[in-house]
Structures are given as C-alpha cells and as structure tokens.
Amino acid sequence: MPLLQVSIVEGRSPELKEQLIRDLTATVVETLAVKPESVRVLIQELPKTHWGTAGQSMAKRDKDKK
C-alpha cells in the first residue's frame, strides 16, 4: 500500500488539494502498477510561521516584501 506524505503551506483551496490527491494517486497507479484503492495520500498543512526558507519563516519573508 503506497503512502504519500505531502507537506504544504496552508492557504490552498479544497479544490486544489483534491486535484493534488487525484494527480498523485494517478501517478502512483501508473508508475507502480497498483490499484487506486491501495494508494494513500496525506496532506499536512503548515502555517507560514512554521515553514522556513533561507534562514527565515515564510511569514517574515512575506511581511518583509510589503
């Protein structure tokens, strides 16, 4: 049973997350030759204050851009 764990910054629409689940599932089905029912996709959404890039949080980076 393939299990995919995806971490993203919060703020995407439910529709985009559904599309991500569909697309990832389709890719795993095609690549690993498994049934869609066996594929599990977990999406973990993180606040921008918990995601750091280049030594600072995305929240601070976004604030500094303004």
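**Charge, fold and one buried threonine**

Me: How many positive and negative side chains does the protein have, and how far apart do the centres of the two sets lie?
Reply: Lys and Arg count as positive and Asp and Glu as negative, with His and the chain ends not counted. Each charge is placed at NZ of Lys, CZ of Arg, CG of Asp or CD of Glu. The protein has 11 positive and 9 negative side chains, and the distance between the two centres is 7 Å.

Me: On what kind of model do these values rest?
Reply: Local features need pLDDT of at least 70, side-chain atom pairs count only at pLDDT 80 or more, and totals for chains, interfaces and linings use all residues, as this is a predicted model. Residues are numbered from 1 along each chain as its sequence is written, and side-chain values use heavy atoms, leaving out hydrogens and water.

Me: Which pattern does the protein follow along the sequence?
Reply: Helices (H or I, at least four residues) and strands (E, at least two) are DSSP runs, numbered from the N terminus. The protein holds two helices and four strands. Read along the sequence, the pattern is β-α-β-β-β-α.

Me: Is Thr 25 buried or exposed?
Reply: Thr 25 belongs to helix α1, residues 14-32. Buried means under 20% relative accessible area, exposed over 50%, and partly exposed in between (1.4 Å probe, protein chains only). With a relative accessible area of 14%, Thr 25 is therefore buried.

Me: Which residues does Thr 25 touch, not counting those up to four places away in sequence?
Reply: Contact means heavy atoms within 4.5 Å. Beyond the excluded sequence neighbours, Thr 25 touches Pro 36, Val 39 and Val 41.
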